[in-house]
Each structure stands twice: as C-alpha cells, then as structure tokens.
Amino acid sequence: MAETIGFVGAGKMGEPMVLRLIDAGFPVQVYVRRPQVRERLAAAGAVPVESVAAVARDAGVVISCLFSDAQLNEVATGADGLLANAGRDAVVVSHTTGTVSTLARLTAEFPDGPVLVDAPVSGGAHDIAAGTLTVLLGGPDDAVARVQPVLAAYANPVIPTGGLGTALNLKLINNVLFAANAQLAAAAVELAKNLGVPETSLFSALEHCSGGSRAAGYVQSAGGVESFGEIVAPFMRKDVAACIEAAADRGVDLGQLRVVAETGPLDLL
C-alpha cells in the first residue's frame with residue numbers, strides 16, 4: 001500500500017498537487033484553512049485534519065507548498081509544527097523558493113529527523129494538472145529516491161541536484177538568468193525598432209536563429225514587450241528580489257546577471 005502523504009499549503013499550486021496525488025493512489029491527509037477548499041479536497045478523497053501537527057503524524061512523506069520562508073518557519077517549527085510531529089524516518093519536502101540558511105537552521109534544530117529536502121518548482125497550476133511541473137530536488141540520496149515517485153504524481157521531470165540546498169541554488173541561477181534573458185529580448189526589440197525591423201519579423205527569425213531564447217519566446221507569446229511587461233514582470237520582480245536576497249544569504253555576487261536584470265527596458269525593480 002502507498003504510504004500516507006501529509007500536505008500543507010493547498011493554495012493555487014498546492015490544491016492541484018493534492019488532486020494529482022489522490023489520482024495516483026496516495027492516501028493524503030491535508031490541513032486546509034479555507035472551508036471551500038477543504039470541502040473540495042474531501043470530496044476528491046483527501047482526509048482533512050485539524051492542525052499542522054496532525055498532518056505530520058503518521059505520514060511517511062510530508063509536503064509543504066508555501067509562499068515564503070516566513071510561512072515555512074511558521075508551520076515547520078515549534079511544538080505543534082511539522083518537524084516536531086513528523087516521524088524520525090519521515091521526509092519533509094519543501095516547495096518554497098526560500099533561502100538555504102533557513103533549511104540549514106531547520107535541520108540543525110531537528111538533527112534526529114525527519115529528513116528535510118528542498119524542492120523548488122518551475123511552472124504553474126496548469127503544469128501540475130497535466131503532471132508536467134518541473135521540480136528540482138536536493139537532499140540525501142535515500143530521501144531523494146524515496147520522494148521521487150511521490151512527486152512524479154504531478155511533476156515530470158523531477159531533477160535531483162545534489163545535497164540539501166543545491167536545488168534552491170539552481171533555482172536562483174535559473175531565475176536571475178531568465179530575468180536577464182528577458183531584458184535582453186526586450187532590448188533586442190528596441191534595437192529592431194530603431195533599425196526598422198518589425199517586431200513580428202524579429203521573433204519569427206529568432207525562432208530559427210542562434211540568438212533566440214526561451215525568454216524571447218515568452219515575450220512573443222505574450223504579444224510583445226508591453227504585454228509581457230504587464231503580465232509577467234510583476235512575478236519577475238518578486239523573483240529578482242528573491243535572487244538578490246538569496247545571493248546575499250549565500251555570500252555570492254550575481255555579477256553581470258544582476259546588472260542586466262536590473263538595468264534593461266523592463267521594470268524589474
């Protein structure tokens with residue numbers, strides 16, 4: 001029988017994760033504050049519980065899908081938190097794009113277990129519903145191997161990255177690189193305009209030329225730089241700010257990636 005999954009954070013991203021886990025045959029116990037979400041998940045087959053502590057008890061794998069380190073700290077620590085109530089052999093999966101120092105501190109506070117792994121994601125709710133979310137996964141080899149089949153209920157690929165914190169480090173690199181590439185794509189549109197090249201012609205050519213990038217494709221699919229800025233830039237501002245904070249937390253310099261991300265045509269500050 002599949003082991004029981006505990007789940008905290010059944011929001012926009014977390015709710016479809018729970019539904020996919022249920023569809024994959026996992027027993028899921030979930031802590032949800034909003035009554036309408038609790039009712040939907042109960043109707044789908046999840047078992048609502050009344051506290052964070054109850055989510056962790058008797059669960060072999062506990063998944064948290066939370067927005068920030070502050071939220072992770074709130075549910076993970078203390079006598080009623082996830083880490084104090086999960087079994088010593090349990091694995092706690094954090095989908096939060098936060099700081100490595102937070103993970104290191106939580107691990108130090110609970111040295112006898114459970115095992116904590118970092119699992120930041122790339123994609124949205126539609127990817128989860130399709131089972132194609134990208135998950136980067138860092139932690140001890142045995143813990144990573146244990147949770148991969150669980151995460152595969154809603155993620156493909158699941159990419160092992162090394163020890164605890166390596167997944168967050170890779171997410172940092174990806175996010176600031178995407179921001180820099182988006183700024184370069186926007187700058188290329190400005191240059192094309194100055195040279196009399198239509199934006200549509202530029203993007204059509206970049207689909208087949210060496211200067212193309214996934215960021216340029218996103219700008220194109222959004223309908224151009226202006227639409228991209230309105231739709232995507234607000235989320236990228238959060239990512240860039242998080243990258244700067246995370247780099248400072250790790251004591252590293254983002255170098256030219258930060259310069260480009262902050263000084264291009266898009267307002268990402």
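These legends describe close-up views of a predicted model. Local features need pLDDT of at least 70, side-chain atom pairs count only at pLDDT 80 or more, and totals for chains, interfaces and linings use all residues. Residues are numbered from 1 along each chain as its sequence is written, and side-chain values use heavy atoms, leaving out hydrogens and water.

**View 1. His95 sits in the loop between β5 (91–94) and α6 (100–109).** Helices (H or I, at least four residues) and strands (E, at least two) are DSSP runs numbered from the N terminus.

**View 2. The side chains of His95 and Tyr154 form a polar contact of 2.8 Å.** Such a contact is a pair of N or O atoms within 3.5 Å; within protein, one must be able to donate a hydrogen and the other to accept it, and residues adjacent in sequence count only if both atoms are side-chain atoms. His95 also touches (heavy atoms within 4.5 Å) other residues. Among them are Met17, Cys65, Pro120 and Leu151.

**View 3. UniProt lists residues 4–159 as "domain: 6-phosphogluconate dehydrogenase NADP-binding" in an unreviewed entry.** Such annotations may be inferred rather than shown by experiment. The end C-alpha atoms of this span lie 23 Å apart. The span is 41% helix and 23% strand.

**View 4. Phe203, Ser204 and Leu206 in α10 meet Ala216, Val219 and Gln220 in α11.** Helix α10 covers residues 199–206 and helix α11 residues 214–221.

Terms used. Axes fitted to C-alpha atoms, helices over the stretch in contact; angles between N-to-C directions. Lists of a residue's contacts leave out its neighbours within four places in sequence.
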